[in-house]
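Have the sequence and the 3D view open as you read.

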Amino acid sequence: MRFDTLLMPSQVSASDKEFLIYRGDLECNIAPGNKQHKLKYHLQKALSEGCQYVATFGGPHSNHIAAFVARCQVLGVMPLIVVRGETWAELTPTLRAAVAAGAILFPCSRQDFRLGLASETKQTVDGYYSNVYWVPEGGAGSLGVLGCLDWARVISQDQQAEGAHFCVASGTGVTAAGFAASDIDSLSVFSALKGVSNLTEDIQLSCQQAGLQVTAKLSTFDECLHGGFGRMSKELLVFLKTLYRLNPGIELDPVYTSKMVYQVYQMEKKGLWPHKRTLFVHTGGLQGWLGMKKDQQPYGDPVRFSC
């Protein structure tokens with residue numbers, strides 16, 4: 001396990017705050033960060049049920065897809081992927097890597113994609129293959145929460161995490177639910193989605209469905225600074241370049257961890273961040289830079305993040 005000190009731009013002159021980052025991006029070279037933990041019990045169940053095919057949902061640049069295919073390849077099962085939107089002949093780097101690893105892609109309209117396990121595309125896949133195990137988008141569901149609970153407990157029990165206020169980014173809320181039900185005293189959750197007003201309730205519901213309850217003192221925030229999911233503002237790009245100069249070797253993903261750290265930085269700069277010792281959880285996802293435009297790259301050529 002690796003914890004690094006993270007120097008914020010606001011700390012260059014003076015600060016009484018300490019910021020640490022747990023390097024989940026360094027945990028595993030094929031499914032780094034929270035991805036392997038969300039998939040852990042899903043894939044165990046697929047194997048125990050003797051399923052030869054495992055299917056899931058994801059966008060064309062999805063970190064979940066990259067990790068899902070890598071884990072399926074290791075376990076020797078066939079990955080089937082329902083992809084949001086049309087899969088054009090010129091596939092994204094993420095989808096090209098998935099196909100090269102043996103995955104079969106099924107394009108799905110955005111409207112049908114939103115139906116998830118109730119979609120017509122899922123019914124089509126089930127018509128082609130028998131005994132398919134379905135992993136919800138992002139590794140969601142109770143099994144995903146339990147996998148993240150295991151992860152949170154391992155991190156929180158490390159001596160370097162003692163007394164820290166935890167921060168974790170959220171998409172489906174699965175990772176956040178696992179951390180909220182662990183041994184952590186206090187937790188801030190930062191949604192990557194704009195206009196989220198019920199994140200606390202969603203986390204509580206995810207915990208209940210997994211037979212757990214929220215035990216951490218919980219604060220939640222939505223994506224209010226950069227225009228919505230997957231958007232990169234000029235301010236965020238400048239911040240990431242500055243942060244990298246201060247912390248060489250610490251690279252953040254474009255969708256989740258980067259926005260979380262930036263939002264805390266904004267609050268800390270205004271004197272609104274009350275926590276003396278903060279621990280950011282890096283949830284991986286660096287291959288997401290492959291889907292960003294050339295003028296939105298803070299770390300140079302993103303090819304090294306290829307999955």
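Helices (H or I, at least four residues) and strands (E, at least two) are DSSP runs, numbered from the N terminus. This is a predicted model, where local features need pLDDT of at least 70, side-chain atom pairs count only at pLDDT 80 or more, and totals for chains, interfaces and linings use all residues. Residues are numbered from 1 along each chain as its sequence is written, and side-chain values use heavy atoms, with hydrogens and water left out.

Start with V74, which sits in helix α2 (residues 63-75). V74 counts as exposed because its relative accessible area is 52%; buried means under 20%, exposed over 50%, and partly exposed in between (1.4 Å probe, protein chains only).

Now move on to H282, in the segment after β10 (277-281). Is H282 buried or exposed? H282 is buried, because its relative accessibility is 0%. Leaving aside residues up to four places away in sequence, H282 touches, among others, I21, Y22, W151 and D253 (contact means heavy atoms within 4.5 Å). Its side chain also reaches the backbone nitrogen of G284 at 3.0 Å.

Y299 lies in the segment after β10 too. At 9% relative accessible area, Y299 is therefore buried. Beyond residues up to four places away in sequence, the residues touched by Y299 include L240, Y244, W289 and F305. L252 is another one of them, and the side chain of Y299 reaches the backbone nitrogen of L252 at 2.9 Å. L252 is also among the residues that H282 touches.

Technical notes: A polar contact is a pair of N or O atoms within 3.5 Å; within protein, one must be able to donate a hydrogen and the other to accept it, and residues adjacent in sequence count only if both atoms are side-chain atoms.
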